[in-house]
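This report describes selected helices, loops and residues of one protein model. The structure is shown first, and the description follows.

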Amino acid sequence: MNLDKIFHLKENNTNVKTEILAGVTTFMTMAYILAVNPNILAEAGMDHGAVFTATALAAFIGTLCMAIFANYPFALAPGMGLNAYFAYTVVLQMGYSWKVALAAVLVEGIIFILLSLLSVREAIFDAIPYNLKKAVSVGIGLFIAFIGLQNAKVVIGGSTLLSLFSLDGYNKNLAAAAGGKDFVAASMNDVGITVLLAIIGIIITGIMVVKNVKGNILWGILITWVLGIICQFAGLYVPNPELGFYSLLPDFSAGISIPSLSPIFAKFSLEGVPILEFVVIVFAFLFVDLFDTLGTLIGVSSKANMLDKDGKLPRIKGALLADAVGTTAGAVLGTSTTTTFVESSSGVAEGGRTGLTAVTTAVLFGLSLFLSPIFLAIPSFATAPALVIVGFYMLSAVTDINFADAAEGIPAFICIAAMPFFYSISEGISMGVLSYVFLNLLTGKAKKISPVMYVLAVLFVLKYLLI
């Protein structure tokens, strides 16, 4: 097989060794999604093992499509932020089943395939104000970090609505949830030690980020998990299944087997969801995925000097189509929206320039299916550092927002604040769009508002009036 002929290696000033090493690096920096995504979607009631399989397969298919359609070194997987919207907003907040959320992801994927073929995605991207695009990324970053701290019990409910973890406060919450009935009290040997481990994990991961350690997020998860296992052997951590604290040791009793997809495969439903609200759900997935993908593609490709003299990315249609196909396939498999990962920049930094890097990453995601007992044993306190650090990376976009112009800065701030405060990505997006349109319209700056923004504002007003 002539790899140079397929991937144009010489033309892109690279070679097979460099591309493969770049692909391994990219996989190392984003493999954390194999542990994090099942934990998040399990909160929505989905089968933990099945979601792991769907996550690995969606990453494999999406990344392979990127190599085939665009010959770029970018990798795809179910995206952070999009999985949070899926589980915490659509299912837990709106009260719909995960089957409805999967149907919305499927519709989004099909729409994106059409929009990508018709080059509409770039047009929509251009219509949204730059500062609002950045605000969406920042808000999602805060939301994700907040979820990580909650999942690790570092943040709990309290008399001030939210508070830092304390054993008394945690047990008071358990007592309140029990409604006067008997309940199993938590101790420092279950929830207490895991909170300390999560905090230690965040510090360790932060140190590795500062030191530019490759795969720092994945290493942070694994080190935190191993510390937990050591605590379990030492008797400092005692599993308490009644409170959701299980053994941290991988279960190889069934041998090396791939968890079945059957509990979630093609399980779609529109039962009990008003059509307008379903449209809003689909749009929120569309909006976040749109800017996540285009922002990542442009940001990573600019670092690799892949943009042309006009600042555009050649073959972007193929890259966007890969994202759309990955999302559609992922929905059928049973996972949230598949998107291009900003961690692809790590492989690009190692010299990856072609689809051979993406093929290498895809193959590694495929092989990870046989390591399911390891990834499925990783607890939420060990993935909390990943959520916090991903939140940090996304929050860094705040420096690109023009707060000096209040007409731009105030809507951006409202968008950012609404996501964690209202526990909803879609509320942040809708309030950001509405405040931008109204603020600029009522202060004589209507000329800067695109027709697309007016359409979005009308849709969001209808949402609040009718739903």
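Where is the place of Ser187? Ser187 sits in the loop between helix 9 and helix 10; helices (H or I, at least four residues) and strands (E, at least two) are DSSP runs, numbered from the N terminus. The model is a predicted one, in which local features need pLDDT of at least 70 and side-chain atom pairs count only at pLDDT 80 or more, while totals for chains, interfaces and linings use all residues. Residues are numbered from 1 along each chain as its sequence is written, and side-chain values use heavy atoms, with hydrogens and water left out.

**Loop residues**

Ser187 is partly exposed, with a relative accessible area of 24%; buried means under 20% relative accessible area, exposed over 50%, and partly exposed in between (1.4 Å probe, protein chains only). Ser187 touches Leu167 and Gly192, leaving aside residues up to four places away in sequence; contact means heavy atoms within 4.5 Å. From Ser187 to Asn240 the separation is 53 residues in sequence and 9.6 Å in space, C-alpha to C-alpha.

Lys153 lies between helix 8 (130–151) and strand 2 (155–158), and Asn212 between helix 10 and helix 11. Lys153 is partly exposed, and Asn212 is exposed.

**Helix 10 and its cover**

Helix 10 comprises residues 188–210. At 1.5 Å a residue, its 23 residues should span 33 Å, and its end C-alpha atoms are 31 Å apart, which agrees; the expected span is 1.5 Å times one less than the number of residues. Buried residues of helix 10 include Asp190, Val191, Gly192, Ile193, Thr194 and Val195. Leu197, Ala198, Gly201, Thr205, Met208 and Val209 of helix 10 are buried as well. Among the elements covering the buried residues of helix 10 are helix 9 (167–178), helix 11 (216–234) and helix 17 (380–395).

**Packing of helix 2 and helix 15**

Two packed helices are described by the angle between their axes and the distance between the axes. Helix 2 (residues 16–30) packs on helix 15 (residues 355–367) at an angle of about 45°, with the axes 7 Å apart. Axes are lines fitted to C-alpha atoms, for helices over the stretch in contact, and angles run from 0 to 180 degrees between N-to-C directions. Helix 2 is therefore oblique to helix 15: angles under 35 degrees count as roughly parallel, over 145 as roughly antiparallel, 65 to 115 as roughly perpendicular and the rest as oblique.

On the side of helix 2, the contact is made by Val16, Glu19, Ile20, Ala22, Gly23, Val24, Thr26, Phe27 and Met30. Helix 15 contributes Leu356, Thr357, Thr360, Thr361, Leu364 and Phe365.

Met66 belongs to helix 4 (residues 48–70). At 0% relative accessibility, Met66 is buried. Its contacts, not counting residues up to four places away in sequence, are Asn71, Tyr72, Phe74, Leu76, Leu297, Ala319, Ala322 and Thr340. Met66 and Ala382 are separated by 316 residues in sequence and by 30 Å in space, C-alpha to C-alpha.

Helix 5 (residues 82–91) is mostly covered, with 10 of its 10 residues buried. The buried residues of helix 5 include Tyr85, Phe86 and Tyr88.
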